[in-house]
Each structure stands twice: as structure tokens, then as C-alpha cells.
Amino acid sequence: RTRRAVRLADVIIFVVDGARALEKADEKIFRALNKKKVVVALNKSDRKSVTTTEKLQKKFGAGLRAVSTSATRNKGLDDLKAAVLTAISSGSMEGR
């Protein structure tokens, strides 16, 4: 079911725990999404950041869309929504 949902999705929101180091499984999933528009939600921004936008961009490309969020504090959700809308309206996967 998940593979079908990914295949049909226009944009993927990939949620990463920003308070922990990126795991191999995270990297594997992200690389599998290489042909999709992806917005990374770096969650738990209310804690000390271990995984940052800069680290993700260095690993996966400077055009990566990443937004810091804190679900428990409702922070960054407007920025996440804006990033998703930008990804939807962009005609290419550039800036993924």
C-alpha cells in the first residue's frame, strides 16, 4: 500500500527526527524517493538539533526542501504547508 501511495503522490512529506542522527534506513528511503518531489520535515526542532537542513543538503543536494518543525509545539507548520504548496506548483523536481 505504501509503495502505491508514493507512486501516486504529487509530493512526499518525509518526516525526519531532527533530534537524532540520520539513520541508514532514512537514507535508503530518501534515495528511493529520488524521482518524486520531496519536502523534508525536520521534526522535534524544540530539542537540540542533530540532523540539520545544512547536513541534509550536503548529503542529498543543495536544492533540498527542508523545514524545521515541532509537532508538539505547532511550530513550523505554516512553513511546511508553504513548502508543500511550492513543491506542488513547481513544474519540475528541481529544488527537491
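A: One definition before we start: buried means under 20% relative accessible area, exposed means over 50%, and partly exposed lies in between (1.4 Å probe, protein chains only).
Q: What does R73 count as, buried or exposed?
A: R73 counts as exposed, at 53% relative accessibility.
Q: What kind of model is this, and how are residues numbered?
A: This is a predicted model: local features need pLDDT of at least 70, side-chain atom pairs count only at pLDDT 80 or more, and totals for chains, interfaces and linings use all residues. Residues are numbered from 1 along each chain as its sequence is written, and side-chain values use heavy atoms, leaving out hydrogens and water.
Q: OK, the sheet. What is the order of the strands?
A: The order is β1-β2-β3, in an open sheet of 3 strands with parallel pairing. Strands here are DSSP runs (E, at least two residues), helices are DSSP runs too (H or I, at least four), and both are numbered from the N terminus. Two strands pair if DSSP finds at least two bridges between them.
Q: Which strands stand at the edges?
A: β1 and β3 (65-68) do. Each has a single partner strand, so one side of each is left without a neighbour in the sheet.
Q: And how much twist is there?
A: The twist averages 25° from one strand to the next. Axes are lines fitted to C-alpha atoms, for helices over the stretch in contact, and angles run from 0 to 180 degrees between N-to-C directions.
Q: Which helix packs on the sheet?
A: Helix α4, residues 77-89. α4 touches β1, β2 and β3, and its direction makes about 170° with that of β2. Contact means heavy atoms within 4.5 Å.
Q: How many bridges join β1 to β2?
A: There are 7 bridges between β1 and β2. In one of them, V16 has L42 in β2 as its bridge partner.
Q: How many join β2 to β3?
A: 4 bridges join these two parallel strands. V39 has R65 in β3 as its bridge partner.
Q: How does the chain get from β2 to β3?
A: The chain goes through α3, and this β-α-β crossover is right-handed. That term means that, with the strands pointing away from the viewer, the path from the first strand over the helix to the second runs clockwise.
Q: Which residues of β3 are on the covered face?
A: R65 and V67 are on the covered face, while A66 and S68 are on the uncovered one. In a regular strand the side chains alternate between the two faces of the sheet.
Q: New topic: which residues make the largest nonpolar core?
A: That core has 12 residues, among them F14, F30, L42, F60 and L64. A nonpolar core is a set of buried Ala, Val, Leu, Ile, Met, Phe, Trp, Tyr and Cys residues joined through side-chain atoms within 4.5 Å.
Q: Which elements give two or more residues to it?
A: β1 (11-17), β2 (37-43) and α3 (53-60) do. A second, separate core of 8 residues includes V11, V67, A83 and A87.
Q: Why would such residues be buried together?
A: In soluble globular proteins, nonpolar side chains tend to be buried together.
Q: Now charges. How many salt bridges does the structure hold?
A: It holds 4 salt bridges. A salt bridge is a side-chain nitrogen of Lys or Arg within 4 Å of a carboxyl oxygen of Asp or Glu.
Q: Where are D17 and K44, which meet in one of them?
A: D17 is in strand β1 and K44 in the loop between β2 and α3, 27 residues apart. Their N to O distance is 3.2 Å. D17 is partly exposed, at 21%, and K44 is partly exposed too, at 28%.
Q: Which residue does R73 pair with?
A: D46, at 3.4 Å, N to O. D46 sits in the loop between β2 and α3, R73 in the loop between β3 and α4.
Q: And R20, what is its salt bridge partner?
A: E23, with the closest N and O atoms 2.9 Å apart. R20 is partly exposed at 48%, and E23 is partly exposed at 36%.
Q: Last one: what is the phi of K44?
A: Near 70°, a positive value in a residue other than glycine. N74 also has a positive phi, about 55°, and is not a glycine. N74 is in the loop between β3 and α4.
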